[in-house]
Number of protein chains: 2
Amino acid sequence: MPIINHQTVQMAHGAGGKLSAELIEKFILPRFANEALNRLEDQATLALPAGKVAFSTDTFVVSPIFFPGGDIGDLAINGTVNDLAMSGATPLYLSVGFVLEEGFSLEAFHRVLISMENAAKNAGVRVVTGDTKVVGKNSCDKIFINTSGIGVIAAGVSISCKNLVPGDKILISGSLAEHGMAVMTKREGLSFQSEILSDTAPLCKMVEKMLAATPEIHAMRDPTRGGLATTLNEFAKSSQVGIKIYEEKVPVRDDVRGACEMLGIDPLYVANEGKLVAAVPAEKADAVLAAMRADKFGEAACIVGEVTSSHTGMVVMQTRLGANRIVDMPLGEQLPRIC
Amino acid sequence: MPIINHQTVQMAHGAGGKLSAELIEKFILPRFANEALNRLEDQATLALPAGKVAFSTDTFVVSPIFFPGGDIGDLAINGTVNDLAMSGATPLYLSVGFVLEEGFSLEAFHRVLISMENAAKNAGVRVVTGDTKVVGKNSCDKIFINTSGIGVIAAGVSISCKNLVPGDKILISGSLAEHGMAVMTKREGLSFQSEILSDTAPLCKMVEKMLAATPEIHAMRDPTRGGLATTLNEFAKSSQVGIKIYEEKVPVRDDVRGACEMLGIDPLYVANEGKLVAAVPAEKADAVLAAMRADKFGEAACIVGEVTSSHTGMVVMQTRLGANRIVDMPLGEQLPRIC
């Protein structure tokens with residue numbers, strides 16, 4: 001940790017004076033140093049290549065902030081990187097807004113920053129502008145992080161939850177529910193034979209490979225809050241189509257399934273932070289699947305179902321026993337503060 | 001207020017399920033409706049005109065959230081609009097990220113949203129993407145709002161805190177310390193003969209007029225946290241020049257000065273939310289001043305000092321009595337959670 005005059009966050013670290021400057025210059029800048037950020041203006045000035053631009057924002061309030069497989073730092077970088085990538089964009093630039101609680105450990109903050117630094121490098125994005133606020137004890141819980149981002153979308157790419165058509169195949173990039181269960185088991189102090197790790201990961205390089213296989217990806221989304229069930233319901237509702245999936249094809253690791261069963265939670269509703277769901281024309285499905293599997297975050301990708309012209313606006317799952325059940329939109333979520 | 005099934009924010013309003021959808025569709029979307037936002041993707045897809053782009057972020061944690069002259073809603077819109085405008089950019093698109101406390105009044109949230117709607121209209125910007133998180137009681141204080149924004153910078157404009165040169169005139173767009181004192185008097189329950197109102201305002205149209213007068217604006221910033229003193233110190237340090245200002249020329253309204261004196265606060269260090277400071281070549285100063293005064297938020301604009309080659313990196317103020325005193329960077333700030 002850089003040498004600094006305090007062990008914990010002080011109100012003055014957010015007040016715009018000398019202590020703010022010390023926190024920014026000793027703690028934050030060294031992690032993200034780049035030409036745009038180093039200028040320390042109140043805004044970054046960027047040159048963007050021509051084309052459509054994607055713009056996204058997300059605030060991360062996960063509790064606990066450190067969990068098996070990740071922390072609030074890499075989650076905040078990967079989350080916005082993935083939201084950009086889901087439009088087919090190449091993520092380029094991020095902003096970071098911190099809200100820190102007075103008394104929060106600067107050593108913990110340093111660990112979060114290192115994690116953000118590594119995540120930004122892995123995703124190939126640059127943090128170009130930021131803001132830090134401090135609030136008093138019990139006015140926030142340790143640290144909240146907003147990331148917003150800009151990416152560039154190549155010509156010919158048009159991905160939207162409104163674009164699904166009957167016959168499309170539904171692909172997912174790997175096994176479900178790991179992020180949510182990792183946070184949940186940590187929060188509840190549960191332990192299982194094998195530790196469940198969050199799947200937090202940047203998906204932009206997998207998306208690049210998929211688009212190289214075909215620009216004809218109809219819809220794509222990362223099933224975070226609300227899990228696969230929510231994403232598929234949003235797809236079905238937005239495109240006014242039905243979606244059918246097959247329970248036996250939906251990949252869930254045995255230890256994750258066991259933890260879900262123990263806690264009475266359906267893995268279809270649990271947040272993922274390194275998975276994507278895509279709808280692609282049937283004749284392109286194998287090529288897209290191969291592209292996904294060629295990426296290290298998509299090795300377990302598979303086809304889990306298809307888009308139908310029946311049961312419009314609804315998601316139906318054929319169970320292992322051959323029955324069909326409706327996979328509804330959840331009312332709330334079983335797991336608060338999961339991201 | 002739209003009809004909705006709850007009076008206060010529930011944990012499930014942030015969980016990505018049906019209640020989240022209700023909050024977004026009934027509460028938030030109607031305020032900002034536009035083509036990009038209505039698509040309800042996890043990111044907005046935008047077409048930007050060619051040119052350099054400005055990108056900025058700010059999180060607002062002001063307490064209390066309603067204060068004389070404004071609230072956290074218009075503050076959050078105007079704050080990022082102004083950070084963009086200070087680079088000479090025309091602000092175009094904003095993202096909005098809410099963190100809401102469980103139990104926060106939905107009626108109060110609705111008032112904040114209406115205020116954001118009006119502020120966005122006044123500034124000519126569109127809210128194109130957003131995110132809402134809910135945390136438990138005492139894990140945040142009512143509502144925090146992050147806004148991030150994108151603006152386009154015209155060719156030939158190059159504004160930076162590194163660009164000041166000796167001889168430049170220092171201009172400010174109006175009287176100081178009103179936002180900070182409005183929040184402070186509300187928070188402390190003080191009352192004065194005349195109510196002090198926050199100066200929160202969008203400055204983008206004034207900047208347009210200034211750039212029409214001359215593209216040669218060297219530096220520009222809105223003196224928010226840390227006030228005019230901090231902004232000028234940042235200018236002096238970044239450009240390695242001295243700055244001299246004249247106490248008798250720095251405009252502070254009598255009631256604001258009185259409130260500052262009563263509370264032992266120096267108005268030079270108090271936050272403004274609708275003022276800008278600019279450094280311009282001496283021969284352009286009158287034209288820029290006239291442009292500022294032609295805008296409704298710059299009617300009281302004036303020249304308060306100049307850039308010097310002496311006392312490099314420092315700001316000096318000549319007092320009414322003719323003495324010179326150093327205007328240092330504040331260590332912290334007298335007023336926490338001012339924005």
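The side chain of Thr57(A) makes a polar contact with the side chain of Ser148(A), at 2.8 Å. In this predicted model, the side chain of Thr57(A) also makes a polar contact with that of Asn146(A), at 3.1 Å. Thr57(A) belongs to strand S2 of chain A. Is this residue buried or exposed? Thr57(A) has a relative accessibility of 2%, and because buried means under 20%, Thr57(A) counts as buried.

The surroundings of Thr57(A) come from both chains. Leaving aside residues up to four places away in sequence, Thr57(A) touches Thr80(A), Asn146(A), Thr147(A) and Ser148(A) in chain A. From chain B, Thr57(A) touches Ser95(B), Val96(B), Thr129(B), Gly130(B), Asp131(B) and Asn146(B).

The interface as a whole may be considered next. How many residues of each chain take part? In chain A, 75 residues are in contact with 74 residues of chain B. The size of an interface is often given as the accessible area lost when the parts come together. For chain A and chain B, the area buried between them is about 5,500 Å², with 55% of it on carbon and sulfur atoms.

The rule finds 12 salt bridges between chain A and chain B. On the side of chain A that touches chain B, the elements giving two or more residues include helix H1 (18-32), strand S2 (52-60) and helix H7 (227-239) of chain A. By class, that side of chain A has 31 nonpolar, 25 polar and 19 charged residues.

Strand pairing also crosses from one chain to the other. S1(A) pairs with strand S2 (residues 52-60) of chain B in the antiparallel sense, over 4 bridges. Within this arrangement, Thr45(A) has Ala54(B) in S2(B) as its bridge partner.

Chain B has strand pairing of its own. Strand S5 (residues 89-101) of chain B and S6(B) run parallel and are joined by 9 bridges. Here Val99(B) has Lys133(B) in S6(B) as its bridge partner. Strand S6 (residues 126-135) of chain B is mostly covered, since 8 of its 10 residues are buried.

Definitions and conventions: Residues are numbered from 1 along each chain as its sequence is written. Chains are lettered from A and ligands numbered from 1 in the order in which they are written. This is a predicted model: local features need pLDDT of at least 70, side-chain atom pairs count only at pLDDT 80 or more; totals for chains, interfaces and linings use all residues. Side-chain values use heavy atoms; hydrogens and water are left out. Contact means heavy atoms within 4.5 Å. Buried area is the accessible area (1.4 Å probe) that two parts lose on being put together, summed over both. A salt bridge is a side-chain nitrogen of Lys or Arg within 4 Å of a carboxyl oxygen of Asp or Glu. Ala, Val, Leu, Ile, Met, Phe, Trp, Tyr, Cys and Pro count as nonpolar, Asp, Glu, Lys and Arg as charged, and the others, Gly among them, as polar. Two strands pair if DSSP finds at least two bridges between them. Buried means under 20% relative accessible area, exposed over 50%, partly exposed in between (1.4 Å probe, protein chains only). A polar contact is a pair of N or O atoms within 3.5 Å; within protein, one must be able to donate a hydrogen and the other to accept it, and residues adjacent in sequence count only if both atoms are side-chain atoms.
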